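Subject: Handover of a structure and its findings

Dear colleague,

I am handing over a structure for your study. Please look through it before you read the notes below it.

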Amino acid sequence: MAIKRHLPLMLFGCAAAVLPLGLKDPYYLGILVFIGIFSIATMGLNLLMGYAGQISLGHAAFYALGAYATGLLTAKYNVHFLPALIAAIIVTAAIAYVIGIACLRLKGHYLAVATLAVGEIVFICLNAAVGFTGGPSGLAGIPSIEIGGFSFDSDFKFYYLVWAVFILLFILTANIINSRSGRALRCLHSSEIAAAAMGINVTKLKVQVFVLSAVYAALAGVLYGHSVTFISPQSSDLMFSVKLLTMIVVGGMGNLWGGVLGAALLTLLPEMLSAFHDYELIIYGSILLVIVMFLPDGLMGGFEALGNKIIRKVRARGRG
Amino acid sequence: MAETILEAVRVRKEFGGLVALCDLDFGVRRGTVTAVIGPNGAGKTTLINVMTGVTAPTSGSIALNGSIISGLKSHEIARLGIARTFQTAQIFSAMTVLENVMVGRHTKTGCGMIASALSLGRMRREERTICDKGLYYLDVVGLGALAHQPAASVPIGTQRLLEIGRALAAEPVVLLLDEPAAGLNTQETRALGKLIGTIRDMGITVIIVEHDMELVMDIADEILVLNFGSRLAWGTPEHIQASPEVIEVYLGKED
């Protein structure tokens, strides 16, 4: 049972481990690093949206906060990476906690607008605090991640770091989903009143999952900042929040693999469509529209339905 | 006669100018089935909502085992041992039938997110007992065979049983059933009546809001009749059936 449950992840891990060995072009390695980073961010957002049913249009803010926190601490104040990382997690979690308490009383569109506003506030602050953050021109010169004397100073090394973090978080997240807390989370999606009647403290749980998902976004931001050695307020803007959300919707809400698939697709597509650069947004929009209309459970949901159909057909043929 | 387990004293609930519950007094005895009946808009569901903390009463109090519960939040009241079902079945549709019932164990277990994420031994042991209890209570309501079906795929009658199973998994002191027979056919209703008898025999006090008079007269030890948020009558089924006030409200006044 346990092996069967972890089989897809094990296969995925093996594939991820050998993939860079066959890649000649460093350009593709860079893209795979980004896919890993976005997969981490979407995993957290998926917990919040796909499982707990709470929308956030401001997750880019936490991504940027994470990136700026370790970026500033390591580049400007020469703090070691690990303490900087812990500081970044604590700061983001604290900010998300305060925002969560304020916003999560709201539902649906109101929650969407409130989180959108939070993203904008962070965006404006990062732009305005020129002396501290470097303002609109961004923060440059973020050093490579160094842990215990080992420096992740090439794309090749960084690739393994990012995907190792991804796999670790995937295991933790899957454990949560299949536990008492995870079931409680999934209850919120269908019926808050029934969840409360079963003894679930709805408000507390919503704030918890909001903070947790913000920390995932911050971790992704940290990895991003140290991988490109540069961070600007641009990465906290609405467009990026929407992009994260689109990845989940396209890949499949409430399916951990959906976030990965969406992240991969929305990172690869712009590269493949760069020939149509003027029409990129139109193509993007059309893809989203088609998926929302015909595959409301995203691509993973579509694949699952297709798989079940094939299994039923095969069985029917076996009988007949 | 058994002692009172749930007691309402002058419970009043106003929505704006509308008085939904008007200074209601009543008590429910331990281990009995008490039915709440009355015409539409009499305040039956409001009463259930007040008892479970969905809304707080405007004034008055409700006590469970002598301690005041009115004004507490839903999840706090659930923890004290009141479980409920809903008029329109509120199942957790994104889960399997078994997982729904496993949610019922929430108040009886305690592993948080961190213990779950790390999959500690304590958490895995707890998870096994949650699963065992879940299967046990699924069998009690007769849905054992459907354990691994998606909850969204089962018909309405089954959903109602699932809700009852979920509530039973919390091993409550008092179980509130809000129109459990709505949408059920005669056969299903008869099975429901039997199930309610079983639940009472488990030592659980049952309060049921129901329109199906045959079912009510069959299973209730006591009946509370509401009309316009006030108590119209209160007593055994025989007493209620003979009560001229009740007959007047239900059948109209004879001139």
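The notes below describe what was found.

This is a predicted model, in which local features need pLDDT of at least 70, side-chain atom pairs count only at pLDDT 80 or more, and totals for chains, interfaces and linings use all residues. Residues are numbered from 1 along each chain as its sequence is written, chains are lettered from A and ligands numbered from 1 in the order in which they are written, and side-chain values use heavy atoms, with hydrogens and water left out.

**Chain B as a whole**

The secondary structure of chain B comes to 10 helices and 10 strands. Here helices (H or I, at least four residues) and strands (E, at least two) are DSSP runs, numbered from the N terminus. The radius of gyration of chain B, taken over C-alpha atoms, is 19 Å, close to the 18 Å that the globule rule gives for 255 residues, so chain B is as compact as a globular protein of that length. That rule is 2.2 Å times the number of residues to the power 0.38. Along its principal axes, the C-alpha trace of chain B spans about 70 × 40 × 40 Å.

Of the 255 residues of chain B, 53% count as buried. The term buried means under 20% relative accessible area, exposed means over 50%, and partly exposed lies in between (1.4 Å probe, protein chains only). Among contacts (heavy atoms within 4.5 Å) in chain B between residues at least 6 apart in sequence, 67% join residues at least 24 apart.

**The interface between the chains**

How many residues does each chain give to the contact? Chain B gives 36 residues and chain A gives 26 residues. Together the two chains bury about 2600 Å², 65% of it on carbon and sulfur atoms. Buried area is the accessible area (1.4 Å probe) that two parts lose on being put together, summed over both. In chain B, F92(B), H106(B) and M113(B) lose the most area to chain A, together 26% of what that side buries.

Across the interface, 12 residue pairs are in polar contact, both residues being at pLDDT 80 or more. A polar contact is a pair of N or O atoms within 3.5 Å; within protein, one must be able to donate a hydrogen and the other to accept it, and residues adjacent in sequence count only if both atoms are side-chain atoms. The side of chain B that touches chain A divides into 18 nonpolar, 12 polar and 6 charged residues. In this division, Ala, Val, Leu, Ile, Met, Phe, Trp, Tyr, Cys and Pro count as nonpolar, Asp, Glu, Lys and Arg as charged, and the others, Gly among them, as polar.

**Salt bridges**

Side chains of opposite charge can pair when their charged atoms come close. A salt bridge is a side-chain nitrogen of Lys or Arg within 4 Å of a carboxyl oxygen of Asp or Glu. The whole structure holds 14 salt bridges over all chains, and the count between chain B and chain A is 2.

R183(A) forms a salt bridge with E127(B), the closest N and O atoms being 2.7 Å apart. E99(B) and R186(A) also meet in a salt bridge (3.1 Å, N to O). E99(B) lies in helix α3 of chain B and R186(A) in helix α8 (residues 180-190) of chain A, so the pair joins two chains. E99(B) counts as buried at 15% relative accessibility, and R186(A) counts as buried at 10%.

Within chain B, E171(B) meets R105(B) in a salt bridge (3.4 Å, N to O). The two residues are 66 residues apart, with E171(B) in the loop between α6 and β7 (174-178) and R105(B) in the loop between α3 and α4. E171(B) is partly exposed at 29% relative accessibility, whereas R105(B) is buried at 8%. E171(B) also forms a salt bridge with K133(B) (3.0 Å, N to O). K133(B) is in helix α5 of chain B, 38 residues apart from E171(B). A network of salt bridges links R10(B), R12(B), E14(B) and D23(B).

**Backbone angles**

Phi of E179(B) is near 50 degrees, a positive value in a residue other than glycine. E179(B) lies in the loop between β7 and α7 (186-201) and is buried at 10% relative accessibility. Phi of F228(B) is likewise near 50 degrees. F228(B) is in the loop between β9 (222-227) and β10 (230-235) and is exposed, with a relative accessible area of 68%.
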